[in-house]
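The sequence and structure are shown first.

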Amino acid sequence: MTAALDLEAVSRRFGTRLALAPLNLRLSRGSVCTVEGANGAGKTTLLRIAAGLLAPSTGTRAADGMALYARSGSGARAVDRVDGSVARLLHLAGLPRSEVRRRADDVLCRLALQPLAERRVDELSAGERGRLSLALVAAVRPAIACLDEPTASLDVEGRRLAAEVVGDLAAVGCAVLVATHDPDLLPDADGRLVLTAGLVA
Amino acid sequence: MNRSAAQQATHVLRRELALERAGREALVAVGPFVLASVLLLGLGANARTDLLRPLSPTLVWLLVLSAALPLARGVRAVEEDEDCWDTLRCVVTPGALLAGKVAALWLQLAAAWAFAAVLAAAALGARWSAGGVVAGAVGTFGVAVDVTLFGLLIGSSRRRVGLLGVLVLPAALPALLAGTQAASPGVRALPWLALLLVFDLVATALAWALLPVLLEE
């Protein structure tokens, strides 16, 4: 399979603190890898480097296509409408105008957000915002999806939907990197990385 | 899903305008401030339009520069507060992000300038020449670029917020100076409009050069 993401000996320091020790990570298209570890273990640092948001202190990052980083509740402005936020992101991502509406409707249905489509984002509960974040990633279908604790604010049904969305993304060829505290979230993941204080355990 | 930077910038602009339409944040921040300032100045000077009329171009530009400061938060800080900045950076190229944000601020500042100019004409007896109006359009572009730059700066480091006023206002001095001169009666506007164009170009070049540093974490 073609590599969507190739991290070679990437590490990151914040001042004198080593947040992430050098590690290698290669993700193929359609593969899912979970990143586990305690708070402060370096999961978010790794995901932000993978998404291209954070430059590594050492090592190199190669990505074949757009990477999208999302954490639970992120991605939509408070004053925007639920359906508008999805459509706007799809426009920004370059989806043809004719497909935007259909794709937005599909993901809102998939994440059980259709009844909330006309609500403002700041009227949503934390769990609903968590599902909206997943909907945004699912709509864009980036080459690399970096999901940072996507189930943090989700209930049991939301967690099931999150796991399904990860499967959907992988099925359309996205490489998915998921930081989670829940070892049972994606039992069939292709890879599992456990970090301890910035080091791969 | 490849699109040209111009198309992406247009979508960033459309997003900014749609969010402003939904939230009216810039309108609420700028409109009452400009309205109150012009009216209070008129009242404070006891409606002496003979005194206020010559000062009107300077007043309008000072109001626009002052109104620009709160708008700087919308460039990055608000996006970060609402957890949208990362998404934007992932989906949009840096150049398109800059262009879209600048274009949105330009429209807002040009609208603020026009509103202040109309109020000054109504309340202070100001008369606007064609050169003064063109200067309003050209000068607010350079101010928008400056404010976008500073918006990126304060988003990345909250400790520097206090520097904003100190840095933005001198950086926009060419707009204040040339904008005022171009609108003054009996002054040839063309050289001042040329200065504003140079100001716009220098600000744009500076923003383009600093963008990678300002976006880096």
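In which hand, left-handed or right-handed, does helix 2 of chain A cross helix 4 of chain A?

## Basis of the model

This is a predicted model, in which local features need pLDDT of at least 70 and side-chain atom pairs count only at pLDDT 80 or more, while totals for chains, interfaces and linings use all residues. Residues are numbered from 1 along each chain as its sequence is written, and chains are lettered from A and ligands numbered from 1 in the order in which they are written.

## Helix packing in chain A

Helix 2 of chain A passes helix 4 of chain A in a right-handed crossing; a crossing has this hand if the near helix is turned clockwise from the far one by less than a right angle, and is left-handed if anticlockwise. Helices here are DSSP runs (H or I, at least four residues), strands are runs of E of at least two, and both are numbered from the N terminus. The two axes are 10 Å apart, at an angle of about 30°. Axes are lines fitted to C-alpha atoms, for helices over the stretch in contact, with angles from 0 to 180 degrees between N-to-C directions. Val82(A), Val86(A), Leu89(A), Leu90(A) and Ala93(A) of helix 2 of chain A meet Leu132(A), Ala135(A), Leu136(A), Ala139(A) and Val140(A) of helix 4 of chain A, contact being defined by C-beta atoms, placed from the backbone, within 7 Å. This contact has ten nonpolar, no polar and no charged residues. Ala, Val, Leu, Ile, Met, Phe, Trp, Tyr, Cys and Pro count as nonpolar, Asp, Glu, Lys and Arg as charged, and the others, Gly among them, as polar.

Helix 3 (residues 97-110) of chain A also packs on helix 4 of chain A, their axes coming within 9 Å and crossing at roughly 140°. The two helices are therefore oblique to each other; angles under 35 degrees count as roughly parallel, over 145 as roughly antiparallel, 65 to 115 as roughly perpendicular and the rest as oblique. Their crossing is right-handed. Arg103(A), Ala104(A), Val107(A), Leu108(A) and Arg110(A) of helix 3 of chain A face Ala135(A), Ala138(A) and Ala139(A) of helix 4 of chain A in this contact, which comprises six nonpolar, no polar and two charged residues.

## A helix pair in chain B

In chain B, the axes of helix 10 (residues 173-183) and helix 11 (residues 189-215) come within 8 Å and cross at roughly 160°. That makes helix 10 of chain B roughly antiparallel to helix 11 of chain B. The crossing of helix 10 of chain B and helix 11 of chain B is left-handed.

## Chain contact and core

The contact between the chains takes 27 residues from chain A and 22 residues from chain B. Helix 2 of chain A gives the most to the chain A side, with six residues. By class, that side has 18 nonpolar, six polar and three charged residues.

The largest nonpolar core has 140 residues, of which Leu68(A), Val64(B) and Ala116(B) touch the most other members. Such a core is a set of buried Ala, Val, Leu, Ile, Met, Phe, Trp, Tyr and Cys residues joined through C-beta atoms within 7 Å. Helix 7 (residues 94-124) of chain B supplies its largest share, 18 residues.

Val200(A), with 17 C-beta neighbours inside 10 Å, counts as partly exposed.

Notes: Two residues are in contact if their C-beta atoms, placed from the backbone, lie within 7 Å. A residue is buried if 20 or more other C-beta atoms lie within 10 Å of its own, exposed if 12 or fewer, and partly exposed in between; C-beta atoms are placed from the backbone.
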